[in-house]
Amino acid sequence: RVLVIGLLGGGLGSLAQILFSQVLGFSIIRFIYGVFFCAVYPALNGLVVKSTAENFRGRAFGLNQTANQIGGMIGPMLGGFIGGILPVQSVFAVTGILLLAAMGVAYWKGNRLIALST
């Protein structure tokens, strides 16, 4: 649930950044976005612990960290590319849509995991 709420708040917060052109309003919405999004990584780590076998856990955390680092390298380049050919607001729109899509997958998969474990 925490993962879904964090992704939902992150997606909506990212989309809300489109509305602000003043630094103060943008900073406030960016802070609120960060408050929600800071729940994602601990919840994701908890999901890794809960859904992987004990002997595979280290590898799963390594894969998770690798994906995080690759995203940290590719994301800004992709955002810069999108912001270079389209209005800068489109970067926030793409990010928000991707976070909401990830939330949908997490919600769907989470319900399947809960159903399987009961």
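Visitor: How many nonpolar residues does the lining of the largest pocket have?

Guide: Keep in mind that this model is predicted. One charged residue is part of the lining of the largest pocket, and ten polar ones join it. The nonpolar count is 18.

Visitor: How much space lies in the largest pocket, and which residues are the closest to its centre?

Guide: The space comes to about 760 Å³. There are 29 residues lining this pocket, and the closest to the centre are Phe37, Gly71, Gly75, Thr95 and Leu99.

Visitor: Which element gives the most to that lining?

Guide: Several elements give two or more residues: α1, α2 (23-37), α3 (40-51), α4 (57-85) and α5 (89-117). The one that gives the most supplies twelve residues, and that is α4.

Visitor: Why does the distance between the end C-alpha atoms of helix α1 agree with what it should span?

Guide: Helix α1 covers residues 2-16, so it has 15 residues. At 1.5 Å a residue, it should span 21 Å. The end C-alpha atoms fit that, because they are apart by 21 Å.

Visitor: And which residues of α1 are buried?

Guide: Buried here means under 20% relative accessible area. In α1 the residues that qualify are Leu3, Val4, Gly6, Leu7, Gly9, Gly10, Gly11, Gly13, Ser14 and Ala16.

Visitor: Where does UniProt place the feature "transmembrane region"?

Guide: Two of the spans can be described from the model. Residues 26-49 are 92% helix, with end C-alpha atoms 36 Å apart, while residues 92-108 are 100% helix, with ends 24 Å apart. The unreviewed UniProt entry places the feature at residues 26-49, 70-86 and 92-108.

Definitions and conventions: Residues numbered from 1 in each chain as written. Predicted model: local features only at pLDDT ≥ 70, side-chain atom pairs only at ≥ 80, totals over all residues. Heavy atoms only, no water. Helix = DSSP H or I, 4+ residues; strand = E, 2+ residues; numbered from the N terminus. Expected span 1.5 Å × (residues − 1). Buried < 20%, exposed > 50% of the residue type's maximum accessible area, 1.4 Å probe, protein only. 1 Å grid on protein atoms, 1.4 Å probe; cavity = no way out; pocket = protein on both sides within 12 Å on 5 of 7 lines; lining within 4 Å. Points joined across faces, edges and corners; volume = space filled by probe spheres on them. Nonpolar A, V, L, I, M, F, W, Y, C, P; charged D, E, K, R; others polar. UniProt positions renumbered as here; feature names shortened; annotations may be inferred.
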